[in-house]
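Trainee: I would like to learn how to read a protein model. Please take it one feature at a time.

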Amino acid sequence: MPYHLIGEHEFETIVIGSDQIWRGEWENAEEIFLGFTTNWKLNRFVYAASFGVPEWQYNESDTKRASFLLKNIFNGVSVRELDAIDLCKKHFGITPVLTLDPVFLVDKSFYINLCQDVKQKSGFFVYLVGPKEEKRNIITNFKNKTNCNEITITNGVAEEWLAAFRDADFIITDSFHGIAFSLLFNKPFLSFYNEKGGNSRFATMIKLFNIGNRFVKNEITNDQLKLLKESVVLPKSFYKLRKESLRFLKRNLKKSPNTSAIRIAKKQRLKSQIKKMLKKVFPAGTKRGKFARFFWIKIKRFRNNFKKE
């Protein structure tokens with residue numbers, strides 16, 4: 001929903017997330033960190049946000065603004081990737097919680113119920129979202145070598161897509177959520193890296209699920225062919241993190257509106273009004289303006305010296 005359509009009184013809570021909601025090259029910082037809501041009385045928190053990449057993409061101004069908003073108007077912050085915790089500590093000065101992507105918060109039975117009326121043929125399912133030509137060539141060579149049938153989606157609706165994961169013998173993907181649903185449906189899979197989409201997202205999955213050997217580089221190896229007969233068993237640590245993620249969601253959904261944001265907004269408006277008034281009384285370039293600037297510098301120095309003592 002475009003931010004300007006969000007009315008002040010329409011919501012009690014706004015949740016930011018998830019996926020690559022914090023990708024600096026794609027998003028407007030003022031919008032995605034809810035700077036336009038600072039004078040609204042509501043509950044705000046961030047769930048499973050992702051930067052998508054390990055490099056910092058925000059400029060100094062956006063970084064400072066986002067840090068201020070996260071510290072002052074949000075009741076809770078969680079991220080989806082481990083490296084996002086380090087980025088938040090370094091650039092925002094906060095320590096977020098690690099939580100699972102929302103698709104992991106329910107069992108596969110939930111998704112099976114959604115697609116129970118859809119029938120699919122057997123075979124393997126290919127789900128690619130990044131640049132496809134080179135990957136398709138590798139998959140074509142694989143098909144010619146193994147004579148496996150590929151499941152195709154005709155209507156492109158969500159239920160048909162879910163049914164493909166449900167009925168596939170195995171999956172080949174380059175997508176974070178392609179891997180996620182392969183894991184949820186307990187299906188064998190292989191994945192390509194996705195430079196355009198951001199490989200940072202895969203690093204946490206590799207660590208959580210020990211799936212580094214399932215990533216294809218130049219070709220599908222013989223060892224990886226064997227993996228297409230073995231599904232990944234979700235570890236105990238996954239179920240523990242799922243419980244922690246659900247607790248984070250429930251806890252933050254119950255929180256009261258963060259009224260400190262309203263006080264901050266009032267303080268900012270007052271400062272702005274004072275600055276405008278002083279500019280009128282002491283215009284820049286005039287004797288009064290020069291005197292005011294000289295006097296203000298003296299006051300700042302005295303205040304800084306006083307703080308040090």
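Predicted model: local features only at pLDDT ≥ 70, side-chain atom pairs only at ≥ 80, totals over all residues.

Mentor: Residues are numbered from 1 along each chain as its sequence is written, and side-chain values use heavy atoms, with hydrogens and water left out.

Trainee: Which residues have the most contacts inside the largest nonpolar core?

Mentor: In soluble globular proteins, nonpolar side chains tend to be buried together. A nonpolar core is a set of buried Ala, Val, Leu, Ile, Met, Phe, Trp, Tyr and Cys residues joined through side-chain atoms within 4.5 Å; buried means under 20% relative accessible area, with a 1.4 Å probe and protein chains only. Here the largest core has 60 residues, and Trp22, Phe33 and Phe104 have the most contacts inside it. Helix α7 (residues 176-184) gives the largest share of this core, six residues. Helices are DSSP runs of H or I, at least four residues.

Trainee: Which residues of helix α3 are buried?

Mentor: An α-helix has 3.6 residues a turn, so residues three or four places apart point the same way. In α3 (residues 82-92), the buried residues are Ala84, Ile85, Leu87, Cys88 and Phe92. They lie on the same side of α3 because they cover an arc of only 165° around the axis, taken from the directions from the helix axis to the C-beta atoms.

Trainee: Where is Ser50 found?

Mentor: Ser50 sits in the loop between β2 (43-49) and α2 (60-72). Ser50 counts as buried because its relative accessibility is 0%.

Terms used. Buried < 20%, exposed > 50% of the residue type's maximum accessible area, 1.4 Å probe, protein only. Helix = DSSP H or I, 4+ residues; strand = E, 2+ residues; numbered from the N terminus.
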